[in-house]
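Thanks, everyone. Let me put the protein on the screen and walk you through it.

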Amino acid sequence: MSKEIIIREAVDNDREAIAGVLLDAYSQYSAFLPEAYWLEYRDSILDSVYGNAPAARIIAEAGKQIVGSALLFTSSETAYGKPELGIHSPVLRLLAVSPAARGRGIATLLIQDAARRSLEWGASTLNLHTSDMMASAIKLYERLGFKRAYATDIMNGETLVKGYQLDLLSFPAPGAEQSLTTKIG
């Protein structure tokens, strides 16, 4: 696999590959969820990929193969159909890196690009939601400067889906500047 990682906007022809990366990456969580919840989550993933709600579809390529992706929405209403959360700035959803490509900083590059785009849109914060089953993702988010946004927490059945927010005016995180400028194509 190529060492060069290119971050770019997806085109419509990329949707099938994005769906493949997402399902490959997220299927590890099917063991933690009752089957009905997993099937609902899988369908939600596919609806997001093939729907028109994302304002941006960001992908990571290595050797002309899509190895990561992230979807960026303009608000909690477009991201989740939940205007009552009151998030009127970008929401990052469905960040995924193919298991075979993990450990190369791809998720960080995708988050950095989402942050850059959010700033270009005039936003001062970037939001996301995750749960405790995604412990390694939570560590990454916190390392990059995301802070808990308790007011945006969601209950999904009996699962607490935790809100996080990044202050874009203090981003990139210390040490992130080099990878942002040298790896994004």
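First, a term. Helices (H or I, at least four residues) and strands (E, at least two) are DSSP runs, numbered from the N terminus. With that, look at Leu94, which is found in strand β4, residues 91-97. We will come back to Leu94.

Some ground rules. This is a predicted model: local features need pLDDT of at least 70, side-chain atom pairs count only at pLDDT 80 or more, and totals for chains, interfaces and linings use all residues. Residues are numbered from 1 along each chain as its sequence is written, and side-chain values use heavy atoms, with hydrogens and water left out.

Now the fold. There are six helices and eight strands. Along the sequence the order is β-α-α-β-β-α-β-α-β-α-β-β-β-α.

Next, dimensions. The C-alpha trace spans about 40 × 35 × 30 Å along its principal axes. The radius of gyration is taken over C-alpha atoms, and the globule rule is 2.2 Å times the number of residues to the power 0.38. For 185 residues, a compact globule would come out near 16 Å; the protein has 15 Å, which agrees.

How much of the protein is buried? Buried means under 20% relative accessible area, exposed over 50%, and partly exposed in between, with a 1.4 Å probe and protein chains only. By that cut-off, 48% of the 185 residues count as buried.

On to contacts, meaning heavy atoms within 4.5 Å. Take those with a separation of 6 or more: residues 24 or more positions apart account for 63% of them.

Now the interior. In soluble globular proteins, nonpolar side chains tend to be buried together. A nonpolar core here is a set of buried Ala, Val, Leu, Ile, Met, Phe, Trp, Tyr and Cys residues joined through side-chain atoms within 4.5 Å. The largest one has 58 residues, and Tyr26, Leu110 and Leu126 have the most contacts inside it. Helix α4, residues 106-120, gives the most to this core: seven residues. Zoom in on Leu110. Leaving aside neighbours within four places in sequence, its contacts include Ile7, Ile58, Leu95 and Val97.

Which residues are they? Leu94 has a positive phi of about 55° although it is not a glycine. Lys64 has one too, about 65°, and Lys64 is not a glycine either. Their surroundings are worth a look. Lys64 lies in the loop between β2 (56-62) and β3 (65-73). Lys64 counts as exposed, because its relative accessibility is 79%. Leu94 has a relative accessible area of 6%, so Leu94 is buried.
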